[in-house]
Amino acid sequence: MLEQIEPAPADAILGLTAAFNSDPRSEKVNLSVGVYKDEHGKTPILDCVRTAATELAAEAATKSYLPIPGLVEYREAVCDLLFGSGHEVIEGKRIASAQTPGGTGALRVAGEFIKANLPGATLWHSDPTWPNHPNVFNACGLPLKKYPYFDSQNDRLDYEGMLAALKKIPAGDVVLLHGCCHNPTGVDPTGQQWTEIASVLRERGVLPLLDFAYQGFADGIEEDAAGLRAFSTEGAELMVCSSFSKNFSLYRERVGALAIVGKTAESASALQTQLNAVIRRLYSNPPAHGAEIVNKVLRSATLREQWIADVAAMRRRINNMRQGFVDGLAEAGVPGDFSFITQQRGMFSFSGLSKEQVESLRDEHAVYIVGSGRINVAGLTPTNLKYVAEAIGDVVGQAV
Ligand code: LMR
């Protein structure tokens with residue numbers, strides 16, 4: 001029975017890291033997967049995380065199951081971070097929520113929830129989007145469609161095209177949006193545009209689903225929630241998938257959350273029971289460790305302050321690398337204006353390199369970026385920046 005099963009294709013992002021790890025070339029640089037690295041090319045454990053983990057180890061009293069939707073204190077702390085403490089959706093008890101295994105786990109739970117409870121709904125995603133979005137939602141059996149997002153001629157948001165498409169989406173469908181730091185383009189709507197998008201979707205009776213995995217990597221932890229909060233108006237419904245992989249550097253602990261905002265407290269109670277039912281049949285209940293760490297840090301004034309400073313430092317380093325990258329490309333004689341890279345937000349830059357150029361970068365220079373041309377700027381360091389810029393100069397020169 002099993003022998004006839006063919007190998008699966010390599011994953012568009014994690015498959016590259018597997019290839020990178022087995023590449024023997026010492027000059028190799030991995031700018032594919034969205035993982036933050038410090039100026040030494042390391043992904044360190046944050047001090048606040050280490051402290052919290054040490055305290056937890058000393059306090060731990062049981063390894064019994066968590067409740068199906070996870071730790072209640074964690075879920076409340078996440079909602080405060082997303083919507084802002086005291087927000088009407090919190091005070092009005094309009095949120096059903098769950099602690100999930102990472103942001104991807106939140107997306108899968110959201111997809112299964114939609115499939116089970118909104119039969120016939122199509123899920124619309126941006127073109128382009130994170131390559132794992134279609135994988136996750138296809139696996140839930142949801143029909144998928146795309147709306148335009150990126151103007152590649154001008155390296156900016158195709159706001160007019162996006163809005164025109166959103167205005168035609170049928171009532172009862174779901175629209176997936178990236179809450180900030182759009183992956184892969186690094187291009188986000190402005191505050192005013194978010195407000196307009198939110199009111200278009202609300203008028204049409206379309207449910208927004210926000211993937212919010214990079215809070216703090218654009219302008220700040222509070223500032224980056226502006227888009228999400230534009231959707232969180234009185235009586236509005238929405239879903240939010242969030243993650244602490246990046247902003248807590250807790251990648252391997254798989255810490256995320258799903259928040260579903262209902263119209264009323266009664267509706268949220270019903271949503272919570274359906275959410276629990278989905279989780280029970282998927283993985284029963286979540287792993288505890290990462291969420292306990294996040295909960296401890298968010299609830300300790302000292303650790304929380306350290307965390308906010310850590311996120312700010314990561315954000316500053318990435319922005320410095322953006323500028324360094326633009327300067328490095330100019331110094332390497334790469335033709336064209338790359339100043340748009342400094343306007344992009346979050347970890348990624350959409351370089352505009354073709355599939356062939358991406359392949360040459362990998363084959364000839366051992367520089368790994370995603371096939372779409374997405375570069376993880378958070379993987380650039382003062383040490384590898386010149387090498388990467390020159391390698392790009394080489395492959396762009398070959399193509400001219
Ligand atoms: C990425 O886009 O590189 C990250 O979100 C990691 C992943 O799981 O793909």
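A polar contact here is a pair of N or O atoms within 3.5 Å; within protein, one atom must be able to donate a hydrogen and the other to accept it, and residues adjacent in sequence count only if both atoms are side-chain atoms. An oxygen atom of the ligand lies 2.7 Å from a polar backbone atom of G34. W130 brings an N or O atom of its side chain to 3.0 Å from a ligand oxygen, and a polar side-chain atom of N183 is likewise placed 3.0 Å from an oxygen atom of the ligand. The protein buries 83% of the 260 Å² that the ligand exposes when taken alone; such accessible areas come from the Shrake-Rupley method with a 1.4 Å probe, and for residues only the protein chains shown count as cover.

A word on the model before we go on. It is a predicted one, in which local features need pLDDT of at least 70 and side-chain atom pairs count only at pLDDT 80 or more, while totals for chains, interfaces and linings use all residues. Residues are numbered from 1 along each chain as its sequence is written, and side-chain values use heavy atoms, with hydrogens and water left out.

Which residues are around the ligand? They are I13, V33, G34, W130, N183, Y214, K246, F348 and R374, where being near means that a heavy atom of the residue lies within 4 Å of the molecule.

N183 also leads us to the backbone. Most residues other than glycine have a negative phi, and most peptide bonds are trans. The bond from N183 to P184 is cis, with omega near 20 degrees, and P184 sits in the loop between β7 (174-178) and α8 (191-204). Helices (H or I, at least four residues) and strands (E, at least two) are DSSP runs, numbered from the N terminus. Another cis peptide bond runs from D127 to P128, with omega near 5 degrees; P128 belongs to the loop between β3 (123-127) and α6 (132-139).

K93, although not a glycine, has a positive phi of about 55 degrees, and its place is the loop between α4 (88-91) and β2. S249, also a residue other than glycine, has a positive phi near 55 degrees and is found in the loop between β9 (238-243) and β10. Is K93 buried or exposed? K93 counts as exposed because its relative accessibility is 62%, whereas S249 counts as buried at 13%. The cut-offs are under 20% relative accessible area for buried and over 50% for exposed, with partly exposed in between (1.4 Å probe, protein chains only).

Now turn to helix α11 (residues 289-299), which is mostly covered, with 8 of its 11 residues buried. These buried residues are G290, A291, I293, V294, N295, K296, V297 and L298. What covers them includes α2 (47-59), α3 (72-83), β2 (95-101), β10 (255-261) and α12 (301-331), with contact meaning heavy atoms within 4.5 Å.

Side chains of opposite charge can pair when their charged atoms come close. A salt bridge here is a side-chain nitrogen of Lys or Arg within 4 Å of a carboxyl oxygen of Asp or Glu, and the count by this rule is 14. One of them joins E222 and R229, at 2.9 Å from N to O; E222 is partly exposed at 45% relative accessibility, and R229 is partly exposed too, at 21%. E160 and R156 also form a salt bridge, at 3.8 Å from N to O. In another, the closest N and O atoms of E390 and K386 are 3.0 Å apart. E390 and K386 are 4 residues apart in helix α15 (residues 385-399), so about one helical turn separates them.

We finish at the start of the chain. M1, L2 and I5 form a nonpolar surface patch, with about 440 Å² of accessible area together. Patches are made of residues with over 30% relative accessible area and no salt bridge; like charges are joined within 9 Å, and nonpolar side chains (Val, Leu, Ile, Met, Phe, Trp, Tyr) within 5 Å. I5 lies in the segment before α1 (14-21), and I5 is exposed, with a relative accessible area of 55%.
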